[in-house]
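Please read the sequence and the structure below side by side with the explanation that follows.

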Amino acid sequence: MTAPAVRSRRLPLASLARWETLLVILLVGLLVAGTQLSRFFLSANNFANLTSSVMEVAIMALPMTLIIITGDIDLSVESMVGLAGAVLGTLMLAGLPLPLAIPIVLIVGGLGGWLNGLLVTRAGLPALVVTLGTLALFRGLANVILGPTVISVWPDWFTEFGFGTIAKSPIPYTLVVFAVLAAVFWLVTHGTWLGRQVVAIGKSKDAARYSGVPVASLRNWLFILSGVVAALAGIILAARFSSARNDNGTGMTLTVVTVVLLGGVDINGGKGSIPGVVLAVFVLAVLQNVLRLAGVSSEFQGIAVGLLLVFSVIVPQLARQAKAALDRARRGRRPPAGSMAAGEINV
Amino acid sequence: MTPRLELTGISKRFAATAALTDVALRLLPGEIHALVGENGAGKSTLVKTIAGVHQPDAGEIRLDGERITIPSPAAARAMRIAVVHQEPRLFPDLSVAENIFLIAPPTDRLHTIAWREMRRRAANLFEQLDVKMDVSAPVRGLSMADQQLIEIAKALSLDARVLILDEPTASLSTHEVERLFTIVRRTKERGVGVLFVSHRLDEVFALCDRATVFRDGRHVITAPTSELTTASLVRHMVGREVSLFPKEASTLGEPLLEVRGLSDAAGFRDVSFTVRAGEILGLAGLVGAGRTEIARVLFGIESRTAGEVLLDGKPVNFRSPSEALRAGIAYVPEDRHQDGLVLDFSIANNITLPILPRLFPRLLLRARVEDEVARSFSEPLRVRATGVGQAVSALSGGNQQKVVIAKWLATKPRVLILDEPTRGVDIGAKVEVHRIVSELAATGLAIVMISSDLPEVLAMSDRILVLHEGRVAAEIARSDASEERVMFAATGQVEAAAAGAGHGG
Amino acid sequence: MPKTQGQPGMLGRVTGALGRSRELTLVALIVLMCAIVSLGAPQFLSISNLDQVTAMAAIFAIAGIGEAMVVMTKNIDLSVESTIGLVAFLVGVTLRQGDLPVPAAWLLGIGVGLLLGMVNGAVITVFRIPSIVVTLGTLSIFRGLVFIIAGGKEVNLSDLPAGYANLATDTVLGVPVFVIVAVVIVAIVGLLLWKTRFGRQVYAVGSNAEAAAILGIRSRLVTFAVFSIAGLLGGIAGVMWGIYFGTIYATSASGVVLQIVAAVVVGGVSIAGGTGTVVGAALGALFLALINNALLVLQLPQELLQAIYGAVILVAVSADALLSRRNKGQAAQEAAR
């Protein structure tokens, strides 16, 4: 028997480590640009500002990473942010102490995510449409609960949690929350078999199912998790602005998805890392800060985020196409059918 | 007479396996020419070559004497080569008429689609076929047979010079088959060259003028059907010379898996069998006979509609693969790439995927433990790789299959179902897979082996259950088994003789 | 043996008939809703109110038709609301400066819409990136362009030619101009989809991409064309948006993509591709506009609107899934016989 041709598939061009290196370089470049722009850039105050401004997005990016790895998507998170603030504020006005109201809000988030998961896994509907529907539904519920009311009177400790920093350090409380969550997600995703199963689902739902992975219930739990974390983000946002309005969090889904894709997660599923996404969070935070220091108004930053999103997908796609062309040239034959899956243009 | 289609010296390789080696075929105008052979003989590769799906590595194709290349399916259509595939490829949301005329619809003066004319022509085609069909209804929801007829109507609309029918009768009833034959004969009278690919030998004799037999990707014989008999045809098809590793005799233990009167929604009916510890039960039959469907029900992927399954004498009904694997059933699926492996995963990650919760009850993965477990299951199977950290996509087919088997052995099963375990695997690896399976049986596993490879079934099985159209056609003991007997039963030739063979309990 | 299926009940037959034609279902729902709402609030059926409703419905119908074509090819365009906003604002600014006559400004706006659609289509097909990602990106990029043009200022009605906003409610022979525009576009795109080879290829690509490729249909070209048309129609909707509201902010039309996708889904265009009609999408837009207006005239809280939209989307897609699953079940049973 002739030995099968054994060759390493790992090409440096597409490897994940390389993507993260790219993000580090980008981050360093932005930091250098920042120091050039303003001498306040490296101040403790500025650090606290630039990090706390993206913490809601940052924590929502964690479950979104896992959801996108399985090949689904959750567009409804920004509305859950609004709904969570609305429920929290309303419960507080009704006289319920916040420490009691917060768990209730988290449960509401879980229920919302459960509805998403149920419709996706049980009814077999595409996650895109389901969460587009609940994007409207949750925002609508926030509207119904709050109406045009703005709740802006909160206990001091709560608002302090939203934008304050620990003692005299430049570390916001919310950064600690994110750090703890990110550590847990990192451990679960890369260190436990639950994470392994999630990646297996993203790479091949059939093979995962045939291997006894509870595909439907895992996907369902991820949506629930996403709902709970979005509710937590809603609480943080309400604290940071010390306000609960029915439009809290509008437009945030775009940023969350951008951060996840910028972090190297494959929109077609099956690939992604938590460290990459964490790096992307800071790239985004610093970029926004640098733009602000450069005098670019916050309204234009949408363009930056949008461009970042499109390029973070185009670049790896180009790399893949280049790699495929290279492989073809080298081996002089067509690539295996499976490798083209990423090129599909479908939703 | 100039042949409609003439192929000479056609060869085609896929990676390590040679699908076609120097084959030739002459299709005359006005003849119906059968192409027969076992599964894997190279028939569908040839069909796909003519259809423009595959490009031959060597050889020459002539259409009406003119040398051609067929770069794409669209080009084949343009040359009026019509192919009716086994699996219809239609647009479920479009109407019957539109599926026929999508590329070249009749147009009116404004060059817009003339729907009425389209429907009229479509209705005409079905009238020629003597079939009732609502041509304005969408294809979604139509039966397989109806979809097949649409493909044939499509071929007629092309005014084809060459018509290729790839296993067209696989999903048709007897009546529908008769109707199809009438249509094909009428087509032939118009000077079309018809290539009829089939497993069913009775159909070959009923319909075809000449027959060509392929075996292992090579041309064996072409002869007028009048000079052939079923027996001689079968002899040409079988008798492959393959080195095999026959199962070693082992003592059979208690019945482990009992299946009684099992049926599902569409694939099979009233199937009963028993497998003992240490026994290999071969499940033979043609593609579509319902063998894989049985395995899928046993493994909890599909649900049954009737019957019962006993494991260790206790009735079981699995609703998911995870339940089945916890109970000790393992299934090596037919489609390695789709269902068997996560191709991007390493060997170790694939092997441990089903047992992760068992291996690491405290959630945390430990790479060293994982690699050790993976090695302990892959090394005895002699998986050739740089290490268990290598991605399975970089392995050869045979080694991939060994990884799938290792994966399931790691679950410590008591019943192992193998679905086409050596398909697409080179000879050396095949012998090794046989050795492994034989050794597993010796350790007391009950093994069900689904295979279309007759020599393999004969060499490996203690008993052979032959399925024909979803029912048990024969049960043959190892000592009585021969390729001819299995082939006859699988093609429905000895239904009368085998009628009583589907035993009770 | 499988259970023998009983005859479907009366209810089953009615829902079956309605389920087969989403357009009929919608017409029935629209009539029903008009009847119920006008009982509660007679002014609902007044001419001025109906003009308001239909003008808004026309804008959403036109944008919805573009979206419907995109969805038919199994893609999605989330950027259409920014296209509407950008075009509306651009036309307003052009008219404020008075450099161009009104029709030229409109043409400019529509041309910009087409260009934006082509950008979407090009990025999606050249780089083979999922449309949801690309249009999520261009959703905010196009919106950012509006902010740049606006420079913090809105376009006021007083900046525009006198009587400009009246066009929204002008009528010809008693029919509002907006409705005429919408009907003409429904007719043109409807004919395009129904009567031309290109139109049928749109359905083919969404219905079975693999089979389409085998037939030699150039699906990337079809996809590009469809996004371009969606941009063009978004441009027309943008021009009409500007006329309807007069005062245009940089954030105008934010969030309406939801309504547009809802109109398409409710109109019976399956998100799985390959099915649906533009008439359905237009009726879906009308249906949603009526819900909006009904809340207004019945003096129900407007806050309900988004929740209702969300629920309507979920109900519509669930119904689709249920119907197609039932059809599949029937087909399987037929095959078993």
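Of the 337 residues in chain C, 53% are buried, where a residue counts as buried if 20 or more other C-beta atoms, placed from the backbone, lie within 10 Å of its own, as exposed if there are 12 or fewer, and as partly exposed in between. This is a predicted model, in which local features need pLDDT of at least 70 and side-chain atom pairs count only at pLDDT 80 or more, while totals for chains, interfaces and linings use all residues. Residues are numbered from 1 along each chain as its sequence is written, and chains are lettered from A and ligands numbered from 1 in the order in which they are written.

Chain C holds 13 helices and 2 strands, these being DSSP runs numbered from the N terminus, with at least four residues of H or I for a helix and at least two of E for a strand. When the contacts in chain C between residues at least 6 apart in sequence are taken together, 78% of them join residues at least 24 apart; two residues are in contact if their C-beta atoms, placed from the backbone, lie within 7 Å.

Within this chain, helix 6 of chain C (residues 131-150) is mostly covered, with 18 of its 20 residues buried. Its end C-alpha atoms are 28 Å apart, which agrees with the 28 Å that its 20 residues should span at 1.5 Å a residue, because the expected span is 1.5 Å times one less than the number of residues. Just after helix 6 of chain C comes Gly151(C), which takes a positive phi of about 55°.

Chain C also touches its partners. In its contact with chain A, 41 residues of chain A meet 45 residues of chain C, and on the side of chain A, helix 6 (127-146), helix 12 (252-262) and helix 14 (301-331) each supply at least two residues. The largest share of that side, 14 residues, comes from helix 6 of chain A, and the residues of the side divide into 28 nonpolar, 11 polar and 2 charged. Here Ala, Val, Leu, Ile, Met, Phe, Trp, Tyr, Cys and Pro count as nonpolar, Asp, Glu, Lys and Arg as charged, and the others, Gly among them, as polar.

The contact between chain C and chain B takes 23 residues from each of the two chains. On the side of chain C, helix 13 of chain C gives the most, with 7 residues, and this side divides into 11 nonpolar, 8 polar and 4 charged residues.

In chain B, an open sheet of 6 strands has the order 16-17-18-13-19-20, with mixed pairing; two strands pair if DSSP finds at least two bridges between them. The edge strands, each pairing on one side only, are strand 16 (329-332) and strand 20 (471-477) of chain B. Strand 16 of chain B pairs with strand 17 (residues 415-419) of chain B in the parallel sense over 4 bridges, and Ala330(B) stands opposite Leu416(B) in strand 17 of chain B.

Turning to confidence, chain A averages a pLDDT of 85, and 90% of its residues score at least 70, pLDDT being the predictor's confidence in each residue, from 0 to 100. The value stays under 50 over residues 1-14 of chain A and also over residues 333-347 of chain A. Where pLDDT is low, the predicted coordinates should not be read in detail.
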